[in-house]
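Please have the sequence and the model open side by side.

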Amino acid sequence: MSSAVELRAPGPRGIPPLFARLVDDAALFPPGPAAVPQAVADHLDARGGAYPGLLGPMLCQASRLAELITELAKVKPATPVPLSLVCDTGLGGVPKALSIIEGRQELLALRMVEMPAPSDVDDIWLERVSEFVPEDIIRVVEPRRGGNGWLDGIRRVAEHGCWPKLRCGGQTAESVPSIDVVTDFLAVAGTLDVPFKATTGLHTAVRGADPETGFTHHGFLNLLVATARSLSGKDVRAALASTDGAELAREARSLSDDAAKAVRDVFASYGSRSVQDPAAELEGLGLL
């Protein structure tokens with residue numbers, strides 16, 4: 001998992017190991033996706049801000065890659081922007097997208113390629129993923145949740161060296177996985193040789209109601225603490241259900257550096273629609 005370690009290496013100002021490179025910038029994704037110029041400006045501001053070590057790659061759909069490159073060419077970043085390419089145009093479009101990125105290495109540094117899996121996560125499809133995406137690039141695959149085969153799909157993805165993705169929310173109440181579903185997922189994730197990535201729905205550090213949708217959503221701090229408990233045989237469900245930010249922060253703060261790194265070897269990162277809010281919340285909880 002050397003690539004995972006690289007992504008989570010402490011930033012220049014130093015970030016606690018539990019939070020290093022935790023937040024991937026998903027500003028270009030719904031709900032309310034940002035315009036590319038604003039998303040680029042916010043991302044570069046965050047990289048030059050107080051907590052650059054908190055930030056992982058910028059996520060961009062393959063269908064918006066040309067827009068992103070055009071904007072980056074205008075602003076000329078001092079160093080290439082770490083990128084996670086999200087394949088919204090199908091697996092067949094990956095080689096062309098990778099070729100385009102390779103031609104603009106002064107602007108973009110490809111770190112990760114993410115894609116949804118077909119309904120049946122079969123070995124042939126996963127082998128194609130490995131053929132299309134170079135070994136030094138992290139491959140993230142999201143099996144479709146639901147039914148008894150979902151967790152088997154998670155295991156199969158990991159067996160092929162890909163990181164599984166856990167979707168934590170969406171535009172419907174059914175998109176938010178229950179506490180039991182996440183608990184079952186974490187029980188499997190802790191046995192894998194690769195970490196997982198979370199996406200969509202972790203809008204705040206602590207579990208609560210989303211003011212836009214009214215759905216109760218999971219918190220990224222809940223998920224970190226729950227992962228730690230899963231590894232130590234403690235009550236995972238209670239950590240996921242907690243709305244006590246101070247208590248979650250106390251438990252997170254009590255983790256040794258080695259325990260924190262073990263957590264992040266399981267829960268690698270999550271996509272956030274804001275790159276400023278997670279830092280502000282963690283700072284408010286006394287964790288940065």
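At what angle do the axes of helix α7 (residues 179-189) and α8 cross? They cross at roughly 50° and come within 10 Å, with axes being lines fitted to C-alpha atoms over the stretch in contact and angles running from 0 to 180 degrees between N-to-C directions. This is a predicted model, in which local features need pLDDT of at least 70 and side-chain atom pairs count only at pLDDT 80 or more, while totals for chains, interfaces and linings use all residues. Residues are numbered from 1 along each chain as its sequence is written, and side-chain values use heavy atoms, without hydrogens and water.

Helices (H or I, at least four residues) and strands (E, at least two) are DSSP runs, numbered from the N terminus.

| Helix pair | Axes come within | Crossing angle |
|---|---|---|
| α7 (residues 179-189) and α8 | 10 Å | roughly 50° |
| α8 (residues 220-232) and α10 (residues 245-254) | 10 Å | roughly 45° |

In α7, Val-182, Leu-186 and Ala-187 meet Leu-223, Ala-226, Thr-227 and Ser-230 of α8, where contact means heavy atoms within 4.5 Å. Leu-221, Asn-222, Val-225 and Arg-229 of α8 meet Gly-245, Leu-248, Ala-249, Glu-251 and Ala-252 of α10.

Lys-197 lies in strand β7 (residues 196-199). Lys-197 is buried, at a relative accessible area of 0% (buried is under 20%, exposed over 50%, partly exposed in between; 1.4 Å probe, protein chains only). Beyond its neighbours within four places in sequence, Lys-197 is in contact with residues including Asp-24, Glu-114, Trp-163 and Ser-269.
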